[in-house]
Amino acid sequence: MAERRGCLHEELGFLLSPPTKPFSGLDHSPEEAETWIIGVPYDSTSSFKPGARFAPARIREVGWELESFNPRLGVDIEELPISDVGDIPLTVEYSTLSNTLARVLPLLYGHGKKGVFIGGTHLISLPIMEYLHQVYPNIGILVFDAHLDLRDEYPQGSKYTHATVMRRLSEMHVPIYYYRPRAFSKEEYSYLAESDNLSTLETPEELEALRGPLYISVDLDIIDPAYAPGVGNPEPLGLSPREVLEALSRVALQGKSEIVGIDVVEANPLVDVNDITSLTAAKILMETLFLISRR
Ligand SMILES: [Mn+2]
């Protein structure tokens, strides 16, 4: 058993860059942890404001300033079996990102663990979901995003970007559930209406009805720019962070689905204001970790 433990640690060491500071001081070994945090600093296909590659490090940094005790569970986050295993090494090539994730994800899910991913742009959800769709053929994705990300190409000629990620998943017939989207192109709106694997949910009650394995993707632009100004494509009239957390807790605590992974994407420290967005992201990550962790 001891040898096997050493192997996993070693394999990860070859594939990942260690975090400069683990999220909230989490120092459990990857072997004993039930949940792994993985940073995915990828932003090469940003169409508006690049800089999301800096988010995993910044979110970890400011997350240290948040209190880490959870009264509902009566525990500090350090007591939960979570390991911050580090970052996918920086690359500007989507194929390299995708290949590295294809080697890391079997180590994670092959050992029965859950993944919590810090983006990066929204495109990082695609290689993660491509892998999970093989492991869980009936997996669905619950998306918190101002936008639908259903464009066929964006910018023109580009098939693999933050604005096309859900279109590529839809083509794989993955059920996609959007929670309260608010910004559409005409093309996307028609595609949504015509596709039977896509739906929008407008109330927290509807979230409880989701079934089966579920991946959750939180694009921080679901939140109003007042609380999250530092994102790639800010869109006014958004949700409050509290509304997002209430929705997440509905799914995790009252819902019937099995949450197998979560990402928090699109924070961009280069255009943030006083770390507001990174702090909001860190808080959502921390609350999410409490929601999905068993003691
Ligand atoms: Mn998005």
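1. Tyr 179 stands opposite Leu 201 in β8.

2. The model is predicted: local features need pLDDT of at least 70, side-chain atom pairs count only at pLDDT 80 or more, and totals for chains, interfaces and linings use all residues. Residues are numbered from 1 along each chain as its sequence is written, and side-chain values use heavy atoms, with hydrogens and water left out.

3. An open sheet of eight strands has the order β4-β1-β5-β10-β9-β6-β7-β8, with parallel pairing. Strands (E, at least two residues) and helices (H or I, at least four) are DSSP runs, numbered from the N terminus. At the edges, β4 (82-87) and β8 (198-201) each pair on one side only. Neighbouring strands are turned by 20 degrees against each other on average, direction ignored.

4. Helix α3 (residues 94-109) packs on the sheet, touching β1 (35-40), β5 (114-119) and β10 (258-265); contact means heavy atoms within 4.5 Å. The direction of α3 makes about 150 degrees with that of β5. Axes are lines fitted to C-alpha atoms, for helices over the stretch in contact, and angles run from 0 to 180 degrees between N-to-C directions.

5. Helix α4 (residues 125-135) lies across β5, β6 (140-144), β9 (213-219) and β10. The helix runs at about 180 degrees to β9.

Notes. Two strands pair if DSSP finds at least two bridges between them.
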